[in-house]
Amino acid sequence: MKILHLDKNHPLLLNQLNDLGFTNHEDYTSSKSEIEAKIEAYDGIIIRSRFTIDQQFLNAATNLKFIGRVGAGLENIDCDYAEKKGVYLISAPEGNRNAVGEHTLGMLLSLFNKLNKADNEVRQGKWLREANRGIELDGKTVGLIGYGNMGKAFAKKLRGFDVEVLCYDIKPNVGDENAVQISLSDLQEKADVLSLHTPQTELTINMVNSEFINKFKKPFWLINTARGKSVVTADLVNALKIGKILGAGLDVLEYEKSSFENLFTSSKMPAAFEYLINAENVLLTPHVAGWTVESNIKLAQTIIDKIKAKFC
């Protein structure tokens, strides 16, 4: 079987696939149309987020047997059409779930203790102790929306804290010893912290809007290490301004391109984003929650293991 690698990944992926007898070709620079012109020669594709695998691409890939996406989600692939064509879809949420769990906890603790703000002030020669008095996580109710690999990993990290962990998911019976599954309305009634762990779907795009935010009984903290388009940034900013949202940790933004690079094509910055970058109660990272030294290895290994289990 011939595999075309469209994004660079950890070298163990190529090495182990070679050892398993696969023929591996790399093309990290050709355009999508150039790839389409030759894709019929390949049985498999390994991709991260370089471009969308749509119906046109899949129609050109007449011999394609699998797509390996080195990441947690498959939103850059037309999954329904791929499955109709008999293409086996492989993702690797097991590979970076621990990294996401740790990053999410880190963002939350940093916001509660004003670490980013305090660090910046000390570097400027300011020693403002009272202005940087933090709050404790113990005694809070943490609500998770989405309780798959990422949500479960974050809930596991919270076990050392005296917190109530609640989860909402469209799938029934996913709660476990680390989180009690409840309805969305009950979560909005009780949560002090909301953490998103959902894929990008029709249900989750623009999910966190003004109507959604206003259904929370208490002011709350928002953490998003899932997908940027789940949060309407302008509505988030309005909620931050009036104190309905107390602070936000955002590893993802609705402005992201599919490549997760170069947020803006022009020098004009959206007003909502300009507010976020100047807000002391907002913490921003560049879609790196699952981006660790260890997850780079584990993501690649997960893809290999799944290919091996299916085709060897």
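Visitor: How many cavities of 30 Å³ or more does a search of the whole structure find?

Guide: The search turns up 1 cavity of 30 Å³ or more. A cavity here is a set of points, on a 1 Å grid over the protein atoms alone, where a 1.4 Å probe fits but cannot get out. Before we go on: this is a predicted model, with local features needing pLDDT of at least 70 and side-chain atom pairs counting only at pLDDT 80 or more, while totals for chains, interfaces and linings use all residues. Residues are numbered from 1 along each chain as its sequence is written, and side-chain values use heavy atoms, with hydrogens and water left out.

Visitor: What volume does the largest cavity have, and what lines it?

Guide: Its volume is about 40 Å³, taken as the space filled by probe spheres set on the grid points, which are joined across faces, edges and corners. Lining residues have an atom within 4 Å of a point, and they include Asn224, Gly228, Thr233, Leu236, Leu250 and Glu254. By class, the lining has 5 nonpolar, 3 polar and 1 charged residues; Asp, Glu, Lys and Arg count as charged, Ala, Val, Leu, Ile, Met, Phe, Trp, Tyr, Cys and Pro as nonpolar, and the others, Gly among them, as polar.

Visitor: Why is Phe57 called buried?

Guide: Buried means under 20% relative accessible area, with exposed over 50% and partly exposed in between (1.4 Å probe, protein chains only). Phe57 has a relative accessible area of 0%, so it is buried. Phe57 lies in helix α3 (residues 55-60); helices are DSSP runs of H or I with at least four residues, strands are E runs of at least two, and both are numbered from the N terminus. Leaving aside neighbours within four places in sequence, Phe57 is in contact (heavy atoms within 4.5 Å) with Lys32, Ile35, Glu36, Ile39, Ile45 and Phe51.

Visitor: And why does Asn178 count as buried?

Guide: Asn178 has 13% relative accessibility, so it passes as buried too. Asn178 sits in the loop between β7 (164-168) and β8 (180-181). Beyond four places in sequence, Asn178 touches Tyr147, Ala155, Lys156, Arg159 and Val165.

Visitor: Which residues touch the most other members of the largest nonpolar core?

Guide: That core has 30 residues, and Leu194, Leu196, Phe212, Leu222, Leu236, Ile245 and Leu276 touch the most other members. The largest share, 4 residues, comes from α10. To be a nonpolar core, a set must consist of buried Ala, Val, Leu, Ile, Met, Phe, Trp, Tyr and Cys residues joined through side-chain atoms within 4.5 Å.

Visitor: What does helix α1 bury, and against what?

Guide: The buried residues of α1 (residues 11-19) are Leu12, Leu13, Leu14 and Leu17. They pack against β1 (2-5), β2 (23-26), β3 (44-47) and α12 (293-311). Just after α1, Gly21 takes a positive phi of about 100°.

Visitor: What makes the protein as compact as a globular protein of its length?

Guide: There are 12 helices and 12 strands in the protein. Its radius of gyration is 21 Å, close to the 20 Å that the globule rule gives for 312 residues, so the protein is as compact as a globular one of that length. The radius is taken over C-alpha atoms, and the rule is 2.2 Å times the number of residues to the power 0.38.

Note on methods:
1 Å grid on protein atoms, 1.4 Å probe; cavity = no way out; pocket = protein on both sides within 12 Å on 5 of 7 lines; lining within 4 Å.
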